[in-house]
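Subject: Structure for your files, with notes

Dear colleague,

Here is the structure you will need for the next discussion. My notes on it follow below.

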Amino acid sequence: FFNEQARLQTTEDEDEDVADPIDDREIFDILSVSINDPEHPLSLEELNVVEQVRVRVDDQENTVGVEFTPTIPHCSMATLIGLSIKVKLLRSLPERFKIDVHITPGTHTSEDAVNKQLADKERVAAALENSQLLEVVNQCLISNARTS
Amino acid sequence: MAADSALLLGLVEEFVLGQQDRKAVDTATGKLKAGQFTILQLVEALGLHLTSSQPQTRGRGVQLLSNVLQECYGDLTEREVEVLIVFYENRLKDHYVITPHVIQGLKALTKCSVLPPGSAVSILKSLFQDIHVQSLMLAERSCVYNILIQLMESRESELKGLGADFVFGFVQSVDGERDPRNLLLAFHIARKIVHEGYDLGKFTEELFEVTSCYFPIDFSPPANDPHGITQEELVLALRVVLTGTPRFAEFLLPLIIEKLDSDVQSAKLDSLQTLTACASVYEQKDLAQFLPGLWASLRREVFQTASERVESAGLAAVGTLTACLSRSVLNSDSEDSLNVFLELVLKDCQHHLCEPDLKLVWPSAKLLQATSTASYRASHRVAAAVLPSLIEQYNSRTQCAQRRTLLEVLQGFVHPVTSSEEGKYESVLLDFRQSLCSIVFSALSESNADLQITSMRVLTALGQQTDLLSSPQSDVELAVDHLTRLILEEGDPKVSLAVVECAGSLARLHPAAFISKMVPRLKEEIFSGGLRSKAVRQRCVAALAAVSSRPSLVQESTPVLLQVLTSAHTGTGAFSLEEVISVCHSLQKIAEQAQDTEETGGVFHDVIPRLLGLALQAALQGSSGHCSPILEETVLSAMVPIISTTCARLQLAGQTASRAVSLFLDGDVSFLPENAFPAQIQLLKAGDSRSQSQMVCLLMGCVCWLPRTVEVPQMDRLLLELLELSCTCDHPLSYTSAAKCYAGLVNKSPAGEALDSLIDRTLKRISTELDSASSPVRTQAFTLLLWVSKALLLRYHPLSTALTDKLFSLLSDPELGWLAADGFSLLMSDSPDVLNRGSHADVRMMYRQRFFTENSAKLVEGFNAAVQEKKSGYLKALSHIVNNLPRQVQLTELPALLPLLLEALLCPDQGVQVSTLSCLQPVLLDPPSALITQLEVLVGRTLALTTSPTMKVRIASLRCIHALSRFPEHEIMPFRARVLRALAAPLDDHKRVVRSEAAVARNEW
């Protein structure tokens, strides 16, 4: 595994008047930097769980779609990983975006069930009110951000 | 005497019964040292206890004796030592409770300088015989090792007489040691044994076994380890032992081969480094039989590794192995193992070089290069095998990428030969010179940019070889032609950068070719008129600057550049302003590169008058209507560094300076070329023409950069004129330059009465101008004040406070308040053109801190006293000062300034906002308690700034909010919802940089 190089700073980034649209790479950067796999000491990028090609953003339509690939087809943590990604995006993106997180087709045994859970707004909201679950999600999100 | 012995008996009694510890020892030692009794008397007094039937009692007795001995081993006589040693040796056979104390005592005795001959051997014999070291406690084991080290240092010859028994004893006592501290000692002993020629006898393998069982060392010190032993230390200590003697070779090499198979990264690395270390000691015969095995492992490491460190360690090992093999003298009957080894290497690597698309090319090339760097013989062999095929391939392949790879590999082979014993033999590459050159030249004429760049690197490498390019002059000239053509025709910035670099390094070696070929061509091109684009001329000028490293070249190139300036001045060449400036930059670059030799010195001695002359001509014409580019401020400012770099170094600087001074003061034009100036010029009179007065900046470049040993002539008159000019002239460049020049001179003038009165006069003059509100020259006076304060502040002059106080008072001035506030940033930062270390100015260490500690209180006071609308000036000044301070000082001082800084966040000026936020951020990472009480204010104000129109302010405030999230949880809890809501807005910022900061901050909250 290897990490993508950091995005190159261009002069446009410094220019006050140029508006940078939110693109795939930006979402990918948000995800790859700071989510840990609950079972490994590695980030999702290093495990190839999240890849830049599987991130779709439409800045005009306000939608973000992320497909993630669990490390093994019956990974028990798939739901948690999905939830972490979703929470991370909820926290990092403007409210106008509709966030859709699901498993890359054909990479998990109970793909449909997990996708359904992640798509269900009510269930996500309920999960986030469960303090224990929230604690675990925060664990995944925080630890790496501290070290980076 | 009787009283003494009674006392002694009492002491002994108390100690043995355990009532007294330290005190008894101290008293006894004191008395012994004072000569009140002898050690034998102490032993007599102890007599009963030493012969007691209770082992504990005997132990206490021996302990007392040992403790005393540790303190006063230096005072014993030889006779006493002998007796004591016999006693202690006997005690070793005693009960195990006593042993620790006995060893302590023996250790003390071995430190005696009067150790009788033969006793060292007997001590060791009994130690090895009677005790089993590994069953002792940690401290006692360390004692034993210390005894060994001590004896090895003082009685080396006796121990060597012991023969292999000593080694055997050591091996026995170390076998099984686990503690890292003791291991360090043990490795130390082993190193001595190996390096100082102790007889290993038949115990070589045992000694190796007992040490090598730790290889490779895997040791992670416990957290907060008080002993501070690192893995590194152990590794190095062990490596020295293992690589110490060729006699270990037959054991060590198989071990290394085995450990190289390990999966542990550090083990591999350690093995490779150990191999490198031992290969530099071993001889060919030690290595010969293991070569195939070693090569197989090394090849695998280099070919398959993912880690760069392992790869470079492997290459280093290959290099030293080759060097070792080539070092040894050949026997007529044995086969040459270097050849055998190279045969192996070539067999495995050579065919990879034929596949430039595959990734094994690089490791193979590196391996081969490592071997060829190692020795002349090896490079000869490798070059003969590899180069022909590489050259042939280059000629047969047609794809650019492949050719480039091949060329890069070739470059690798050209390079190493440079470092190998140059001059002793003719270069290995001589046979291939012709074909290499033709390849390089053909690559240079390709259109692919990467290929061109690589070929120029090869060319540079070839040029470094003494006899490669130079032997037929035609090759160098051909190379120069190619380079010239590239300069003229290639627009790719990467290529032109490479050309300039290559030309620069070749010009150093072959100046003649450049003089005859390149310079005239470039000159022609520069003056060919508007046919070519501006970019070409720019490249020509840059190339001229790059090649001018040798005096002979400087002599050729500077006239060309000067001619450009002249023709720009007369308007014949149609040179744009930027071109003129870039010519000035090139001249400056040449001045910086020029070694300080007589010849270049002479050249620049001519350059300065010509520059001055040009400027003067322009200035004189300027008043009569015709406008020359030399008059432009930007051009003049670009000329200043040329003059200053030259004056800062040149031996002739003094002469040049005195001429310049006489020009400016007296209008002495006699030294200028093309002597056609009117006789009466007064450059330092504010009077009519600004084009003349602004030339004072050239004077500044000249006199302010002189080394301090060079005296400026007519100093007093000069200062007077400058003061006048800076206070009366109304042209910004003129009066600022005059003020800078004045300050530069003041900074360097020797301390004393004269200087003090000068400053007094200056201050009075400034004050009168500043105090009269109607004076038209207040800005000028202020500028002068600022620069003179800086000059004095830098050298810690006592009068500087008077001037800076004046500056502080100006902060509340209605007109100059803002200027004064900005002035503080000038005061605290380094200026590039004057008053810096390069100009030999008197700059003390830490002047910023000093200024801050002396003046922060004044600033706060002034702030509190000022009326509302004036406060922002103080805040701005404060933020300038604080921002230029080193971080550590900032951290300690900030809590005191906190109220002011919080106030500054409300200040409308964006510069103040950014600098305040960037000061606050590091403090917030480690928050002082004063901050926590202010949290409410802090959060409110920083959040407000996240919507600022300036991107920098937004970023800085978001960083602060991020830092705030690390405050204690109970403190920030109340703000969480508010912060999260406020951070939603910057998440949708139109700048990506801002968004990413916001995302990070929000996630932390």
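In this predicted model, D179(B) and R181(B) form a salt bridge through their side chains, at 3.1 Å from N to O. A salt bridge here is a side-chain nitrogen of Lys or Arg within 4 Å of a carboxyl oxygen of Asp or Glu. D179(B) is buried at 13% relative accessibility, whereas R181(B) is partly exposed at 31%. Buried stands for under 20% relative accessible area, exposed for over 50%, and partly exposed for what lies in between (1.4 Å probe, protein chains only).

Some conventions before the rest. Residues are numbered from 1 along each chain as its sequence is written, and chains are lettered from A and ligands numbered from 1 in the order in which they are written. Because the model is predicted, local features need pLDDT of at least 70 and side-chain atom pairs count only at pLDDT 80 or more, while totals for chains, interfaces and linings use all residues; side-chain values use heavy atoms, with hydrogens and water left out.

Other salt bridges

Over all chains, the count of salt bridges is 12. K93(B) and D130(B) form one of them, with 3.8 Å from N to O. This pair links distant parts of the chain, 37 residues apart: K93(B) sits in the loop between α5 (78-91) and α6 (99-110) of chain B, and D130(B) belongs to helix α7 (residues 119-130) of chain B. Helices (H or I, at least four residues) and strands (E, at least two) are DSSP runs, numbered from the N terminus. K93(B) is exposed, with a relative accessible area of 57%, and D130(B) is partly exposed, with 26%.

K192(B) and E196(B) also form a salt bridge, in which the closest N and O atoms are 3.5 Å apart. K192(B) counts as buried at 8% relative accessibility, while E196(B) is partly exposed at 27%. Elsewhere in chain B, salt bridges join D261(B), K268(B), R300(B) and E301(B) into a network.

Negative patch

Which residues gather in a patch of negative charge on the surface? They are E205(B), E206(B), E209(B) and E250(B). A patch is made of residues with over 30% relative accessible area and no salt bridge, with like charges joined within 9 Å and nonpolar side chains (Val, Leu, Ile, Met, Phe, Trp, Tyr) within 5 Å. Lys and Arg count as positive and Asp and Glu as negative, with His and the chain ends not counted; the place of a charge is NZ of Lys, CZ of Arg, CG of Asp or CD of Glu. Helix α12 (residues 204-212) of chain B gives the most to this patch, with 3 residues. E206(B) is found in helix α12 and is partly exposed, at 35% relative accessibility.

Buried positions in chain B

L544(B) lies in helix α28 (residues 534-547) of chain B and is buried, with a relative accessible area of 0%. Leaving aside residues up to four places away in sequence, L544(B) touches V519(B), L522(B), I526(B), S557(B), V560(B) and L561(B); contact means heavy atoms within 4.5 Å.

S767(B), in helix α38 (residues 753-771) of chain B, is buried at 16%. Its C-alpha atom is 10.0 Å from that of L803(B), 36 residues away along the chain.

The two chains overall

Chain B has 51 helices and 0 strands, and 56% of its 1005 residues are buried. Its accessible surface is about 41,800 Å², 53% of it from carbon and sulfur atoms; areas come from the Shrake-Rupley method with a 1.4 Å probe, and for residues only the protein chains shown count as cover. Among the chain B contacts with a separation of 6 or more, 74% are between residues 24 or more positions apart.

Chain A has 6 helices and 3 strands, in the order α-α-β-β-α-β-α-α-α. Of its 148 residues, 41% are buried. Chain A exposes about 8,300 Å², with 51% supplied by carbon and sulfur atoms. For its contacts with a separation of 6 or more, residues 24 or more positions apart account for 66%.

Regards
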